[in-house]
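Look at the model below. This short report follows two of its residues and then turns to confidence.

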Amino acid sequence: MRQSAARRHTPVLAAAVLPLLLFGATACQSAPEGAALAPAAAPAVPVDDGAPDAEGAPARPGAKDARVGDPVRVHGQQVGRHLQVVLNAYVDPAVSVEKNYAPPAGKRWVAASMSFVNVGGASYGALGRMWAHDSAGQRHPVVPTGELTTGKPLVFDSLAVGERAEGWVVFEIPENARIDRLQYQDANIQANSGEGFWAV
């Protein structure tokens with residue numbers, strides 16, 4: 001009986017240790033819980049501490065990644081929550097319009113232009129989380145930086161059905177890191193459909 005009960009709880013435990021996605025801090029520097037995905041104008045969004053997934057492997061290894069311009073459909077766990085997410089552009093390095101605002105020594109910024117369209121049957125009140133994964137298996141959450149030379153930051157309040165939110169999200173990474181994929185994960189993830197990956 002004990003053995004079969006342990007088997008029943010294994011999927012639950014496995015799900016609990018999956019990386020929790022939108023669009024703060026580096027892999028070795030934790031961001032405060034509830035930090036904004038975009039700058040202060042955007043509502044607070046949960047962030048991750050930047051630690052790698054189990055054994056340092058990227059989330060959902062072997063999954064086929066989308067490319068720049070490819071739409072990805074993300075289904076939230078709540079009924080009627082559906083987003084179409086597109087990575088419109090990716091820049092490395094990213095530069096602030098403020099001349100004296102830059103990442104600390106040994107770090108650099110990379111940024112992604114993202115668009116989100118509510119294609120479901122209910123309003124979307126919160127976005128999820130987003131990370132940049134490097135070739136060493138570390139993941140780096142979004143940091144608030146303000147406006148970039150490439151455009152304005154993503155600002156998200158809520159999305160009614162059919163509405164769109166678009167803007168830039170920024171990741172602060174080690175100077176020598178190589179980013180190879182981006183990940184978005186819905187705030188209320190549903191297995192196999194609550195996240196999207198893009199190769200960069």
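Contact means heavy atoms within 4.5 Å. Leaving aside neighbours within four places in sequence, Asn-118 is in contact with His-82, Leu-83, Ser-123, Tyr-124, Leu-159, Ala-160, Val-161, Gly-162 and Glu-163.

This is a predicted model, where local features need pLDDT of at least 70, side-chain atom pairs count only at pLDDT 80 or more, and totals for chains, interfaces and linings use all residues. Residues are numbered from 1 along each chain as its sequence is written, and side-chain values use heavy atoms, with hydrogens and water left out.

Two residues sit in strands (DSSP runs of E, at least two residues, numbered from the N terminus). Both strands are listed here.

| Residue | Strand | Strand residues |
|---|---|---|
| Asn-118 | strand 3 | residues 107-118 |
| Pro-141 | strand 5 | residues 139-143 |

Pro-141 has 1% relative accessibility, so Pro-141 counts as buried.

Now for confidence. pLDDT is the predictor's confidence in each residue, from 0 to 100. The chain averages 73, and 64% of the residues score at least 70. Over residues 1-62 the pLDDT is below 50, yet this stretch has 134 contacts in the model beyond near neighbours in sequence. Where pLDDT is low, the predicted coordinates should not be read in detail.

Terms used. Helix = DSSP H or I, 4+ residues; strand = E, 2+ residues; numbered from the N terminus. Buried < 20%, exposed > 50% of the residue type's maximum accessible area, 1.4 Å probe, protein only.
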